[in-house]
Amino acid sequence: MMLKDIAHARSGDKGNSVNVGVFANTEAIYPYLLEQMTADKLKAFFDDLVLGEVVRYEMPNIHALNFVCREALDGGGSSSMRVDNLGKCYGSNILRFPIEIPKELVSNVSK
């Protein structure tokens, strides 16, 4: 399934870096985010958009992960030649991240 079915996200930018927060809809989902949403997998998911390091921060008290992606905006908002040169698009795009969870948890997920 896609991440959008079990979590929500927020993102923003500062200079040439993007911050993406992913929040599990339920506490039971969080371990699957921890296991499957690694910094390396997130960098691969964004393919050639993130050229620098990706760092993952865990926030277990709110069942969330925060990713900081360096060199992710082609120089930043004012110097980028990209059509969508802001970090907010990363929050929408991460919701397409593929994730596997047990079927019994899917029926319990509140949308």
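A residue counts as buried when its relative accessible area is under 20%. The exercises below concern a predicted model.

**Exercise 1. Determine whether C69, C89 and G91 are buried or exposed.**

Solution. The cut-off for a buried residue is a relative accessible area under 20%. C69 has a relative accessibility of 0%, so C69 is buried. C89 has a relative accessible area of 16% and is therefore buried. For G91 the value is 5%, so G91 is buried as well. A further step concerns the cysteines: a disulfide requires two cysteine sulfur atoms within 2.5 Å, and the structure holds zero disulfides.

**Exercise 2. Describe the surroundings of G91: in which helix is G91 found, and with which residues is G91 in contact, leaving aside neighbours within four places in sequence?**

Solution. Begin with the location: G91 belongs to helix α3, which spans residues 88-94. Next, set aside the neighbours within four places in sequence; the contacts of G91 are then A9, S11 and V20. Finally, compare sequence with space for G91 and V22: they are 69 residues apart in sequence, while their C-alpha atoms are 8.2 Å apart.

**Exercise 3. Describe the largest nonpolar core: how many residues does it have, and which element supplies the largest share?**

Solution. The core has 29 residues, and L3, V22, L33, M37, Y90 and I94 have the most contacts inside it. At least two residues of this core come from each of β1 (7-14), β2 (17-24), α1 (30-36), α2 (39-45), β4 (64-69) and α3. The largest share, four residues, is that of β2. As a check on one member, consider L3: apart from neighbours within four places in sequence, L3 is in contact with V22, L33, M37, I94, L95, F97 and I99. In soluble globular proteins, nonpolar side chains tend to be buried together.

**Exercise 4. Classify the aromatic pair of F46 and Y90, and state why it ties together parts apart in sequence.**

Solution. A pair of aromatic rings is described by the distance of the centres and the angle of the planes. The whole structure contains three aromatic pairs. In one of them, F46 and Y90 lie 4.7 Å apart, centre to centre, with 55° between the planes, and the pair is tilted. F46 lies in the loop between α2 and β3 (54-59), whereas Y90 lies in helix α3, so the pair ties together parts that are 44 residues apart in sequence. Both F46 and Y90 are buried. The two residues also belong to one aromatic cluster, formed by F45, F46, Y90 and F97.

Technical notes:
Residues numbered from 1 in each chain as written. Predicted model: local features only at pLDDT ≥ 70, side-chain atom pairs only at ≥ 80, totals over all residues. Heavy atoms only, no water. Buried < 20%, exposed > 50% of the residue type's maximum accessible area, 1.4 Å probe, protein only. Contact = heavy atoms within 4.5 Å. Core = buried A, V, L, I, M, F, W, Y, C linked by side-chain atoms within 4.5 Å. Phe/Tyr/Trp six-rings, centres within 6.5 Å; stacked < 30°, edge-to-face > 60°.
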